[in-house]
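Hello,

Here is the structure I said I would pass on. My notes follow below it.

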Amino acid sequence: MRSSEPAQVPESSWNGDRHGRQKGGRGRLIGRTKGGMNTKLHAICDSQGRPIDLFVTAGQVSDYIGARALLSRLPNVTWLLGDRGYDADWFREALQDKGMRARIPGRKQRKTPVKDDKRRYKRRNRTEIMFGRLKDWRRVATRYDRCPKVFLSAIALAAIIIYWL
């Protein structure tokens, strides 16, 4: 005889909800910003603009979170070129402890100005070109993937094809 009630699963063996989603995960990593719903990609690149390491956060998350996540994975280099969003005293000190010199322009709200090296900072355009090439892939630009692991895998596959094949 059939029962109309679903089978009961013991709570100790199942941590998800009725739709199969796991509780406590990172979610879809899509955040609301001024431009709409988006995801932010943080990357470590070499001097030719090839990605070495990638990290994905929700769009409204601060760049400091990406900086903290990628700090331990930085290669041994003498200079680090970064975006204005990574301008923080703790990040500059962490780079100095690793023996790196930071070339990150200061934020406009910064009380103590940072010495600027515009000639060296112009090389950062290679990183922006890398992001542009990744966004040429429609799957990456429009984020078809709901799962952040699959999305990051698509970005990694695009990076491999663009730069190493």
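At roughly what angle do the axes of helix H4 and helix H6 cross? Before the answer, please note that this is a predicted model. The axes of H4 (residues 125-135) and H6 (residues 148-164) cross at roughly 110° and come within 10 Å. H4 is therefore roughly perpendicular to H6, since angles of 65 to 115 degrees count as such.

On the H4 side, the residues that meet H6 are Ile129, Met130, Arg133 and Leu134. Their partners in H6 are Ile155, Ala158, Ala159, Ile162 and Tyr163. Sorted by class, this contact of H4 with H6 holds eight nonpolar residues and one charged residue, with no polar ones.

As for the whole protein chain, it has six helices and five strands. Read from the N terminus, the order of the elements is β-β-β-α-β-α-β-α-α-α-α. The chain has 165 residues, of which 33% count as buried. Taking contacts between residues at least 6 apart in sequence, 40% join residues at least 24 apart. The accessible surface of the chain is about 12,000 Å², and carbon and sulfur atoms account for 51% of that surface.

One residue I looked at separately is Arg120, which lies in helix H3 (residues 118-121). Is Arg120 buried or exposed? Its relative accessible area is 18%, and the cut-off for buried is under 20%, so Arg120 counts as buried. Leaving aside residues up to four places away in sequence, Arg120 touches Trp79, Leu81 and Arg103.

Regards

Terms used
Residues numbered from 1 in each chain as written. Predicted model: local features only at pLDDT ≥ 70, side-chain atom pairs only at ≥ 80, totals over all residues. Heavy atoms only, no water. Axes fitted to C-alpha atoms, helices over the stretch in contact; angles between N-to-C directions. Helix = DSSP H or I, 4+ residues; strand = E, 2+ residues; numbered from the N terminus. Parallel < 35°, antiparallel > 145°, perpendicular 65-115°, else oblique. Contact = heavy atoms within 4.5 Å. Nonpolar A, V, L, I, M, F, W, Y, C, P; charged D, E, K, R; others polar. Buried < 20%, exposed > 50% of the residue type's maximum accessible area, 1.4 Å probe, protein only. Areas by Shrake-Rupley, 256 points an atom, 1.4 Å probe, with all protein chains shown as cover.
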